[in-house]
Amino acid sequence: MLMSAGVQAAESIDVLHWWTSASERGAARFLQTKLLEENIDWHDAAIPGGGGIGAMRVLKSRVLAGKQPAVAQLIGPAIAEWAELGLILELDTVAKNNNWQKQLSPTVSRLLMHRNHTVAAPLGVHRINNLYYNAKLFRQLGLSEPKTMDDFKRVALRLAAAGVTPLGQSSEAWQVATLFETLLLAEGGPTFYREVFETRNAKAYLDARFERALTRLRQMRAYTSKPPREQSWTDIAQQLANGQVGMVVMGDWMKGELLSMGQKIDSDFACTTVPNTEGFHLYSIDTLVMFTGDYSQQNAQEKMAQLMVSPVVQQGYNRLKGSVPVRRDLDANAVKALDRCAANSWQTFNRGAVFQAPSLVHRMAADEKFKDAIVAQIQKFYLDDTMSVQDTQQRMSAMVRALNVQEGITE
C-alpha cells in the first residue's frame, strides 16, 4: 500500500517484557496505542513466566546473539548490572528536560540512576503486602476484614467451616516466597526486612523475628488447598472471583486482573494490607530500559521514555495494571481518581523510605543469585514438614554468609 504524501511509516520498536495475563496485556496494549499516536509501532515480544524468569533468560540469550531488543522490562538491581556492561542507553536529556528529579519520588529516582546517569524509564509502583478477599463471601458470612493475625485466623476458620478454602496459595516458588516476605515485614517492619534481604546480615536470619515469620508461613499452609500444588496466580485470581477461596496475599497486579474479569472493588472483592503491615509498603517498580545497539533507534527510544512518565500514560497504564503512578506530583483530581486501594498505596509509598521495603522476590532488594537461593530455601521449608524452623534458620544463615564471602560483602 502506498503512503500518502507527508505521511511517514511508523518506526517499529521491539519491546521484550513478561506482561502476559489479561490485565497485563491490557496495560501493554494501552502503551502500544499511546506510542502509535507518536508514530512508533510497539513490536511485542512477551515472554510468559511468573516473576519474569523466562524473560530474563530470553534477554540474555538475545544479547549474547547480538539481537538485543530496543526496549526491555528490567527492574531493581538488574538495571545497574546491565548498565555496567555499557549496553543501556542513557536518558539524561529526557530526565532533565522533563524534570524527573522533581516529578518522581526519591526511591524511584535512585533506582533509575547508575554512575550519575539516568538509565531507565519508570512506569508504576506495585505494592506487594496486600490481602484480597471475596467481599460477597464476607458479607454472606458476616465477616470483617482482618486487621491482626488473630483476626485472620478467626476468619480462616469461619471460611473453612463454610466449605471455602480460606487462603488461595500456590506452591510455586516465587508465590510461596511472596507470602513469606509479607510475613517477615509483618514481624519485623521495614528496617529489619532490609537487614535480612538488602544488607544481607547473616545474623538476622537467627533472630526471633525471622523465626516467627517462618512459623507463621507454616501455619498459613494449613489454610490453603491440600495437598499443596502449583497454580498460576491468574488461576488463583479466578478462584477468588468464583468464591472457591476466601482470601489471597499478592501484589496489586491481582487487583488489575480481578478488574479485567469485570469484578468490582468492594462489591465483588476488597483489599486491605496484610495484618500488621498497615503503613508499610513492600514495593516493586515497573521500569523499561533502552538498549544501545547502533543508536539508530535512539530518537524513538527517547520519545518512548518521555511518554512513559507523562500524566496521561501514568494514569491509564497503572489503572489497568493495578499499580500506582511513579509521579509524586499528582494533582488533587488525579489522587481522587484512584480507588481506595491505590490511594492508600500511593500515599504510603510517598511517605518516604522509612516506610518502604524493597521486594526480594520481585527483584528489588538483591541480585538474581541471592534472590534465587533464598526463594529456593523458603519453598523447600514450606513443602517439607520435616524441616524444623531452627534448622532452616541455621541453614539459611550459613548460606547467606557463604554468598557474602563469595561476593566480597562484609557484614
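Predicted model: local features only at pLDDT ≥ 70, side-chain atom pairs only at ≥ 80, totals over all residues.
View 1. The side chain of Q356 gets to the backbone oxygen of F349, at 2.7 Å.

View 2. Look for Q356 in strand β12, which covers residues 356–358. Q356 counts as buried because its relative accessibility is 2%, and the cut-off for buried is under 20%. Setting aside neighbours within four places in sequence, Q356 is in contact with T107, P190, R194, H281, Y283 and F349.

**View 3. Two domains, side by side.** The chain splits into domain 1 (11–125 + 285–352) and domain 2 (130–281 + 358–407). Their contact takes 29 residues from domain 1 and 25 residues from domain 2. Taken over C-alpha atoms, the domain centres are 26 Å apart. About 2,100 Å² is buried between domain 1 and domain 2, with carbon and sulfur atoms giving 55% of that area. On the domain 1 side, G322, R340 and C341 supply 21% of the area buried against domain 2, more than any other three residues.

**View 4. Bridges and helices at the interface.** Two salt bridges turn up across the interface of domain 1 and domain 2, along with eight residue pairs in polar contact. Helices α1, α2, α14 and α16 each bring at least two residues to the side of domain 1 that touches domain 2. The largest share, six residues, comes from α16. By type, the residues of this side are twelve nonpolar, ten polar and seven charged.

**View 5. The R340 salt bridge.** R340 pairs with D266 in a salt bridge, and their closest N and O atoms sit 3.0 Å apart.

Key
Residues numbered from 1 in each chain as written. Heavy atoms only, no water. Helix = DSSP H or I, 4+ residues; strand = E, 2+ residues; numbered from the N terminus. Buried < 20%, exposed > 50% of the residue type's maximum accessible area, 1.4 Å probe, protein only. Polar contact = N/O pair within 3.5 Å; in protein donor to acceptor, adjacent residues only side chain to side chain. Contact = heavy atoms within 4.5 Å. Domains from an automatic or database assignment. Buried area = accessible area lost by both parts, 1.4 Å probe. Salt bridge = Lys/Arg side-chain N within 4 Å of Asp/Glu carboxyl O. Nonpolar A, V, L, I, M, F, W, Y, C, P; charged D, E, K, R; others polar.
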